[in-house]
Amino acid sequence: MRVTNNLIYGQANKSMAQSNEKILNIQEKISSQTNIIKPSDDPVGASQILMYGSKNQTLKQYDEAMKMATGNLEYQEVALDSLNDFLDSARTLFIQAQNDINTQVDIEAIAHEVSLITESMADLMNSKSADGNYIFAGTDSQSPAFIIGSDGRYQWAGNEGQKYAQISEDLKIPVTNSGKTLFQDIWTNRTFISKVVDGDVLLTDKVQNQADFDSFMAKHYDPEDAKSNKYSLVTSYADGGRSSLQRAKEQPGADADGYNLFDGTSADYVITNHLGEEVDSGNYKVGKPITFSGMSFILEGEPGASVDITLMKPHKDNVLNEIKDSLATLTNKNATHEDRESAFFSAIYSINNAQQRIGEGRSNIGARLNMIEDRESFSSANQLSNTIAQSREGELDMGAAATELSMKESALNASQKVFSRMSNLSLFNQM
């Protein structure tokens, strides 16, 4: 084979180009501090690096979802805290209004202050997040959660759907709470009605002990059978006969209504259910309360009366409506002491129930925030682990790389010197 000058030049050029390419490749690895610049450097290692990078990108997307969820939940937490404080203030003012030393002017001033609190609460119930969405309106977050109807009462206008945030591959959590559950579906004060169906008596009734009455309602109220919610109270003389007071009433000049003539008279009572079964009985003094399962009945007048008792259907309403109703009674100059007392207990009962719901809502929000915090910690640790694994997979031995670079540069220098000598070889140089 004839070795021509062109062959010599071509081979030398090719050899030096390959050496240069190897040197540049090592220099790039040293500059990037990784052993894998392109997949061909280490196909398996490159695949692992891409897998760890993909996992981190997914985790970062979940991190963004967690940030969004945290923001929404914190907005709700602040709103609920403020609402709870306002309810505390309203309760304090209602208690203050119960003092008998208050004049009508004092009561109206208290009612005005409670009205302002109610307006602030209504504003919080229609709170918006930073992106302008109503946080208690459900999935229809572009419209207010509550509106005022033509009757002046607050009405639920949202829906009970919940928005969710996907915070991991298998876990998503609700980031909204229904305003209907928190503020609208609040149990109102349970009560009853009674009326005299036989006898000449003056009847005064009320819920004497709300806790006892609520317990009785929970056990005995039947929403499907109205007859089951009816009871009868019958009174009679303790000795089975007519007292001297009755005969005194019949004498000329006796008190026209005669109710007070029987005060203090010993008498008996029996309470039966709709089947006629006795559920309570005992002795009482005319003019003094007969108590039964949290209910109180005062019958002034001659024993021998009959009273029908009906348990009223429990219902739910917006706590603001209950407060407004109670304020209307308090500011009514013609309202009796009993009316105002009933209004007071109705307001307090709804406020307490609303605060219980708000407390449950705050607890749920706190649990979700804790879950997100734990998940964020896990995500950070997972991303760090993936980054370390990526680094190890493509880790460059700087000592070995520097040695290899030095060797490649030495080899290139040697090749260049050899080429320089060979390029000067010629028959003419030997003459």
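**Stop 1: Asn159**

Select Asn159, which is found in the loop between strand E2 (154–156) and strand E3 (164–166). Keep in mind throughout that this is a predicted model. Is Asn159 buried or partly exposed? Its relative accessibility is 25%, so Asn159 counts as partly exposed.

Now show what surrounds Asn159. Leaving aside neighbours within four places in sequence, Asn159 is in contact with Ala137, Gly138, Thr139 and Asp140. Draw a distance between the C-alpha atoms of Asn159 and Asp140. The two residues are 19 apart along the chain, and their C-alpha atoms are separated by 6.6 Å.

**Stop 2: the whole chain**

Zoom out and colour by secondary structure. The chain has nine helices and 14 strands. Of its 431 residues, 38% count as buried. Take the contacts between residues at least 6 apart in sequence: 67% of them join residues at least 24 apart.

**Stop 3: Val114**

Select helix H3 (residues 104–125), then pick out Val114 within it. Val114 counts as buried because its relative accessibility is 1%. Which residues does Val114 touch, not counting those up to four places away in sequence? They are Leu93, Phe94, Ile323 and Leu327. Phe86 lies 28 residues from Val114 along the chain, with 9.2 Å between the two C-alpha atoms.

**Stop 4: the five-stranded sheet**

Next, select strands E6, E13, E8, E9 and E10. Listed in that order, these five strands form an open sheet with antiparallel pairing. Strand E6 (192–198) and strand E10 (278–285) stand at the edges. Each has a single partner strand, so one side of each is left without a neighbour in the sheet. On average, neighbouring strands here are turned by 20° against each other, direction ignored.

Bring in helix H5 (residues 210–220). H5 packs on the sheet and touches E6, E8 and strand E13 (306–311). The direction of H5 makes about 75° with that of E13.

Walk through the strand pairs:

- E6 and E13: six bridges join these strands, which run antiparallel. Look for Asp198, which stands opposite Ser306 in E13.
- E8 and E13: five bridges, again in the antiparallel sense. Here Lys230 stands opposite Thr310 in E13.
- E8 (residues 230–237) and E9 (residues 266–272): six bridges, antiparallel. Leu233 has Ile271 in E9 as its bridge partner.

Stay on E13 for a moment. How many of its six residues are buried? Five are, so E13 is mostly covered.

**Stop 5: the three-stranded sheet**

Select E7, E12 and E11. They form an open, antiparallel sheet in the order E7-E12-E11. Strand E7 (201–207) and strand E11 (290–292) are at the edges. Each has a single partner strand, so one side of each lacks a neighbour in the sheet. Neighbouring strands in this sheet are turned by 20° against each other on average, direction ignored.

Focus on E7 and strand E12 (residues 295–301). They pair in the antiparallel sense over seven bridges. Show Lys206 and its bridge partner in E12, Ser296.

Then move to the loop between E11 and E12, where Ser293 has its place. Check its backbone angles. Phi of Ser293 is near 50°, a positive value in a residue other than glycine. Ser293 is partly exposed, with a relative accessible area of 27%.

**Stop 6: the largest pocket**

Rolling a probe the size of a water molecule over the atoms shows where empty space is left. The largest pocket has a volume of about 530 Å³. To find it, select Asn189, Thr191, Val207, Ser342 and Ser346; of the 22 lining residues, these lie nearest its centre.

Which elements give two or more residues to the lining of the largest pocket? They are E7, helix H7 (319–330) and helix H8 (337–393). The largest share comes from H8, with seven residues. Colour the lining by residue class, and it divides into four nonpolar, 11 polar and seven charged residues.

Key: Residues are numbered from 1 along each chain as its sequence is written. This is a predicted model: local features need pLDDT of at least 70, side-chain atom pairs count only at pLDDT 80 or more; totals for chains, interfaces and linings use all residues. Side-chain values use heavy atoms; hydrogens and water are left out. Two strands pair if DSSP finds at least two bridges between them. Helices (H or I, at least four residues) and strands (E, at least two) are DSSP runs, numbered from the N terminus. Axes are lines fitted to C-alpha atoms, for helices over the stretch in contact, and angles run from 0 to 180 degrees between N-to-C directions. Contact means heavy atoms within 4.5 Å. On a 1 Å grid over the protein atoms alone, a cavity is a set of points where a 1.4 Å probe fits but cannot get out, and a pocket is an open set with protein on both sides within 12 Å along at least five of seven lines; lining residues have an atom within 4 Å of a point. Grid points are joined across faces, edges and corners, and a volume is the space filled by probe spheres set on the points. Ala, Val, Leu, Ile, Met, Phe, Trp, Tyr, Cys and Pro count as nonpolar, Asp, Glu, Lys and Arg as charged, and the others, Gly among them, as polar. Buried means under 20% relative accessible area, exposed over 50%, partly exposed in between (1.4 Å probe, protein chains only).
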